[in-house]
Amino acid sequence: MRSDPAQRNRSGSPIVPDHTAVIPRHVAIVMDGNGRWANKRFLPRAVGHEQGVEALVRTVRACVQRGIPYLTVFAFSSENWRRPEDEVSKLMGLVLVAVSRYVERLAQEGVRIRIVGDREAVSEKVRASWHKAETATQHNSRLTLSVAFNYGGRWDIVQACQRALADGVPPAELTEARLGSYLALSHAPDPDLFIRTGGELRISNFLLWQAAYSELYFTDCLWPDFGDAELDAAIADFARRERRFGGVEPAASSISQGT
Ligand code: IPE
Ligand code: IPE
Ligand code: MG
């Protein structure tokens, strides 16, 4: 994406690259830092999670405005069940509140919601809520918001293998593309930009397969503080990256196997 600094336009003036014009097609976010945001204010962690929902709605709108067609967010990991029961139950309750408060509005704004993750372990109420969010938005196409809930990258790869085996896919035909079609995020291209808020420099079992060639961006900003300016900073950083996908020249297109 880096442009040649010596490039000039017809009148001889240097062409100033507009990095903000390079918009990622798919942004994935590990929304981390809700607890610390609340701790800093001597508030219960649950308040941080509530503010996290506000940040999510803000970010979805910011992505719509910037013409980003895919946004995938990590809302609850396969490992988050290790948290105190009270926090887990507050997070489950927040799903119900968030769906009833925001889904209709997001539907009107052209957002399609998909839930990715293992639904077996969540309560009937949460499952029904997810079903409502998906069906109410299923005909939209402006932005696909995939919410990873009870999701883990390892779970995803294992469930994809299990389903392929159950379908009787012969080992020789289990190519990357074929396995990719069984993954939970098969409706989206691979993420171009992978953001983690909250300052930790790790992936925490998010999109292990799909992030193979994502550009990683880590920020100390705690998730409830995330908004338009932080998204623009991440996009501007992304626009300066030189993506090679294993080759030697900057690549014009990605190797993603999705749509
Ligand atoms: C992320 O924020 C939200 C979830 C994992 C559900 P955290 O709750 O992990 O916040 P910190 O990392 O403790 O600050
Ligand atoms: C990752 O954050 C999961 C989500 C944001 C949903 P965690 O807070 O669970 O990750 P670790 O424990 O710091 O690796
Ligand atoms: Mg955390």
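Colleague: Let's start with Cys63: what relative accessible area does Cys63 have?
Modeller: Cys63 counts as buried (under 20% relative accessible area; exposed is over 50%, partly exposed in between, with a 1.4 Å probe and protein chains only), and its value is 0%. Bear in mind that this is a predicted model, where local features need pLDDT of at least 70 and side-chain atom pairs count only at pLDDT 80 or more, while totals for chains, interfaces and linings use all residues. Residues are numbered from 1 along each chain as its sequence is written, chains are lettered from A and ligands numbered from 1 in the order in which they are written, and side-chain values use heavy atoms, leaving out hydrogens and water. So, back to Cys63, the relative accessible area is 0%.

Colleague: And Cys221, is that one buried or exposed?
Modeller: Its relative accessibility is 16%. That makes Cys221 buried.

Colleague: How many disulfides does the structure hold?
Modeller: A disulfide here is a pair of cysteine sulfur atoms within 2.5 Å. By that cut-off, the number of disulfides in the structure is zero.

Colleague: What about charges: which residue forms a salt bridge with Glu134?
Modeller: A salt bridge needs a side-chain nitrogen of Lys or Arg within 4 Å of a carboxyl oxygen of Asp or Glu, and the structure holds 19 of them. In this one, the closest N and O atoms are 2.9 Å apart. Glu134 sits in helix α4, and its partner lies 15 residues away in the loop between β3 (111-116) and α4.

Colleague: How far apart are the closest N and O atoms of Arg178 and Glu173?
Modeller: Both ends are partly exposed, Arg178 at 31% and Glu173 at 42%. Their salt bridge has a closest N and O separation of 3.3 Å.

Colleague: Last one: are α3 and α4 roughly parallel or antiparallel?
Modeller: Helices are DSSP runs (H or I, at least four residues), and axes are lines fitted to C-alpha atoms over the stretch in contact, with angles from 0 to 180 degrees between N-to-C directions. The axes of α3 (residues 85-108) and α4 (residues 124-137) come within 10 Å and cross at roughly 10 degrees. Angles under 35 degrees count as roughly parallel and over 145 as roughly antiparallel, with 65 to 115 roughly perpendicular and the rest oblique. So α3 and α4 are roughly parallel.

Note on methods:
Helices (H or I, at least four residues) and strands (E, at least two) are DSSP runs, numbered from the N terminus.
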